Amino acid sequence: MLHFRSSTVLKELFETALKRPLSCSRQKTWLPTRHCRFGTASVDARAASARLKVLYAATHRPVLRAAPRVASFRSYCTKTEGAVELDEQLKKDVVGGEEHGDKRKHANVLPSLEDLLFHTVAEGQETIPAHKFLTALKATGLRTGDPRLKECMDTLKETLRNTSDGVTLDRHLFKKCVQSNIVLLTQAFRKKFVIPDFTSFTSHIDELYESAKKLTGGQVADYIPQLAKFSPDLWAVSLCTVDGQRHTVGDTKVPFCLQSCVKPLKYAVAVHDHSTEYVHSFIGKEPSGLRFNKLFLDEDDKPHNPMVNAGAIVCTSLIKQGASNAERFDYVMNFLKKMAGNEYVGFSNATFQSERESGDRNFAIGYYLKEKKCFPEGTDMTSVLDFYFQLCSIEVTCESASVMAATLANGGICPISGERVLSPEAVRNTLSLMHSCGMYDFSGQFAFHVGLPAKSGVAGGILLVVPNVMGIMCWSPPLDKLGNSVRGIQFCTDLVELFNFHNYDNLRHFTKKHDPRREGGEQRQFSFGPMDYESLQQELALKAPLWKKVSSTESHQDSSTTVVYRMDKVTERS
């Protein structure tokens, strides 16, 4: 059998060639052809013609067999009757071809992403210690426990177990470890994430944390007995960017209850399940200007917004209507776990019992809402209040809550899992209400000074969202007189004073603040004379293969041309 694989064009060329009489068609003996890769642009016309002649001759012979496949090259045509096996000749051809391929690789073929990453990390060395790679990875903001890097980390552990010293990786082993996640790793090490200089940025975050830590004012909430047990010295900040870069400082692994921080999350679930129109047929959109637990409705006898207790209770009644509380609770918990990238989301039964025993005000609000017919028809008000208390008692850590905030910042897609959890409509509406109503009676002041969507809770948490950039969770139990974390408010204020994250900071002209984001790609500039353009273009193709021309401008003062190159952001597609 003759093995012949080619493009459609070559097939047509082959069929045409068979119709022509070839001088070699009557030869009694023939030699094997040199190997070739069909479809390769570099094959010249004479070589192609020779191969077609051999193939034509082969079709007229009675018995043919394919030579064994060698390496990755196409199969050879060999004579079976009266011919000597040509394995040695084939091996020589392959070796010669490999040498030619190596020369061509060094001359024209660009290095792979894996090779470039190896050079970036190795810094001229022939091997890379595993700890050096992991340290460099951490500096980009990625964690070894990132779900997106699971395959890479598993391969790394297995590879190190099989190495002689269990520590170092040569080029081949390194490429084997990183190839499954090469796009993400290339983005990280080429500083193509939303915060390119993550180490510098986090050093500023640590300074802001230490500054706020010095504050000693505020009182721990005691109207819910279980909350009063937390130490006033606890203080933590965690952040997660939309690219999954993580940073934590302080008591970030201590679980605490979401309390009112769950209100925007369950509102998002309700809008995701139903629609904006349906949800807001029961709840308004306006700030109330009153305390969060007031028995007060708007002129349409609806709660003012989903961020006050009355609106949150009605919003709770809209989730999985008709299902049991157990089913509804599991449903919301699964949503929150997806938002947190399957990081810690728990439940404090002690807080739930404490909430229910001390929830007279909320029961009063519930009966008032029932009297005004604010619930969907057939709603069991006491069952809804139990569900409301359960959701307030859901536990998180600063780390897991920061991923939830980052999911909101990322338009409803969890940064560390890549899964869409919420619809864009639900996220947009949630952030709008957090911006106008999320900080109790301090919402206007917060919108003015900080200018970012946020939601506070009486447990001491502040869920802060920087849209398209990151999510942050601050947690410190001492509260001010309006029910917001004292240290959390200070941290958010200082953050926006240092970085241009305020919603109305002009990114182009507000030069007094730092902008840690990457705008339009990292750029490199090269200047050269007009006559050297072609030669420099070739040089750039070799020295900076991943950078492409995006714009050019002429400078009339020195008669030179400036070309700006950047590497486009590479995205993984599922």
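User: Before we get going, what does contact mean here?
Analyst: Contact means heavy atoms within 4.5 Å. Keep in mind that this is a predicted model. For packing between parts of the chain, then, the cut-off to remember is 4.5 Å.

User: Okay, how many helices and strands are in the protein, and what share of the residues is buried?
Analyst: The protein has 21 helices and 17 strands. Out of 574 residues, the buried part comes to 47%.

User: Among contacts between residues at least 6 apart in sequence, what percentage join residues at least 24 apart?
Analyst: That count starts with contacts between residues at least 6 apart in sequence. Those joining residues at least 24 apart make up 68%.

User: Let's look at helix 7. Which of its residues are buried, and how are they placed around the axis?
Analyst: Helix 7 spans residues 171-178, and its buried residues are Leu173, Phe174, Cys177 and Val178. They cover an arc of only 125° around the axis, so they sit on the same side of helix 7.

User: At the start of helix 7, which residue's side-chain oxygen reaches the backbone nitrogen of His172?
Analyst: The backbone nitrogen of His172 has a side-chain oxygen within 3.2 Å. That oxygen belongs to Asp170.

User: How do helix 4 and helix 7 pack, and what is the handedness of the crossing?
Analyst: Two packed helices are described by the angle between their axes and the distance between the axes. For helix 4 and helix 7, the angle is about 115° and the axes are 10 Å apart. On the helix 4 side, Glu114, Asp115, Leu117, Phe118, His119 and Val121 meet Arg171, Phe174, Lys175 and Val178 of helix 7. As for the handedness, helix 4 passes helix 7 in a crossing that is right-handed.

User: On to the cysteines. How many disulfides does the structure hold?
Analyst: A disulfide needs two cysteine sulfur atoms within 2.5 Å. The nearest cysteine sulfur to that of Cys398 is in Cys474, 7.1 Å away, and Cys398 is in no disulfide. The sulfur of Cys492 is 4.3 Å from its closest cysteine sulfur, also in Cys474, so that pair is too far for a bond. The number of disulfides in the structure is 0.

User: How far apart in space are Cys474 and Tyr209?
Analyst: In sequence, Cys474 and Tyr209 are 265 residues apart. In space, C-alpha to C-alpha, they are 9.6 Å apart.

User: Where is Thr430, is it buried or exposed, and which residues does it contact?
Analyst: Thr430 has its place in helix 18, residues 424-437. With 0% relative accessibility, it counts as buried. Setting aside neighbours within four places in sequence, Thr430 is in contact with Pro264, Tyr267 and Ala268.

User: And Asp146: where is it found, is it buried or exposed, and what does it touch?
Analyst: Asp146 is in the loop between helix 5 and helix 6. At 5% relative accessibility, Asp146 counts as buried. Not counting residues up to four places away in sequence, Asp146 touches Gly244 and Ile416.

Technical notes: Residues numbered from 1 in each chain as written. Predicted model: local features only at pLDDT ≥ 70, side-chain atom pairs only at ≥ 80, totals over all residues. Heavy atoms only, no water. Helix = DSSP H or I, 4+ residues; strand = E, 2+ residues; numbered from the N terminus. Buried < 20%, exposed > 50% of the residue type's maximum accessible area, 1.4 Å probe, protein only. Arc of directions from axis to C-beta. Polar contact = N/O pair within 3.5 Å; in protein donor to acceptor, adjacent residues only side chain to side chain. Axes fitted to C-alpha atoms, helices over the stretch in contact; angles between N-to-C directions. Left-handed = near helix turned anticlockwise from the far one by under 90°.
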